[in-house]
Amino acid sequence: MSEKQKHATAYWKENVKYLSILLVIWFIVSYGCGILFKDALNEIRLGGFKLGFWFAQQGSIYVFVILIFVYVRIMNKLDKKYGFDE
């Protein structure tokens, strides 16, 4: 295996690792907070709404958008680290 191919393989392994972490966070927030933990979260109110309801309706979407920006930032750093930046 050439050095360039090892470099690309390491890049993709790190990329998949970060992507997996971010998807797990999104899953926990959307499925966990919106469905599994909703009864416990409903004890807390946010803007007059129960927190479990808020996560199910809006919170998971906000977290997803934030994770998109986090992913872009991580990928920019990763691209620079492996020399794939523009």
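Colleague: Before we start, what counts as an aromatic pair here?

Modeller: Rings of Phe, Tyr and Trp pair if their centres lie within 6.5 Å, using the six-membered ring for Trp. This is a predicted model, and the structure holds 8 such aromatic pairs.

Colleague: And how do I describe a pair of aromatic rings?

Modeller: Give the distance of the centres and the angle of the planes. Take Trp26 and Phe64: their centres are 4.5 Å apart and the planes sit at 35°. Planes under 30 degrees apart would count as stacked and over 60 as edge-to-face, so Trp26 and Phe64 make a tilted pair.

Colleague: Which parts does that pair tie together?

Modeller: Trp26 belongs to helix α1 (residues 3-36) and Phe64 to helix α3 (residues 51-82), so the link joins parts 38 residues apart in sequence.

Colleague: What about Trp54 and Tyr62?

Modeller: Another tilted pair, 5.9 Å centre to centre with 45° between the planes. Tyr62 is partly exposed, with 47% relative accessibility. There's a cluster as well: ring pairs link Tyr11, Trp12, Tyr82 and Phe84.

Colleague: Zooming out, what pattern does the chain follow?

Modeller: Along the sequence you read α-α-β-β-α. The radius of gyration is 18 Å, well over the 12 Å that the globule rule gives for 86 residues, so the chain is more spread out than a compact globule. Its C-alpha atoms fill a box of roughly 60 × 25 × 15 Å along the principal axes, and 24% of the 86 residues count as buried.

Conventions. Residues numbered from 1 in each chain as written. Predicted model: local features only at pLDDT ≥ 70, side-chain atom pairs only at ≥ 80, totals over all residues. Heavy atoms only, no water. Helix = DSSP H or I, 4+ residues; strand = E, 2+ residues; numbered from the N terminus. Rg over C-alpha atoms; globule rule 2.2 N^0.38 Å. Buried < 20%, exposed > 50% of the residue type's maximum accessible area, 1.4 Å probe, protein only.
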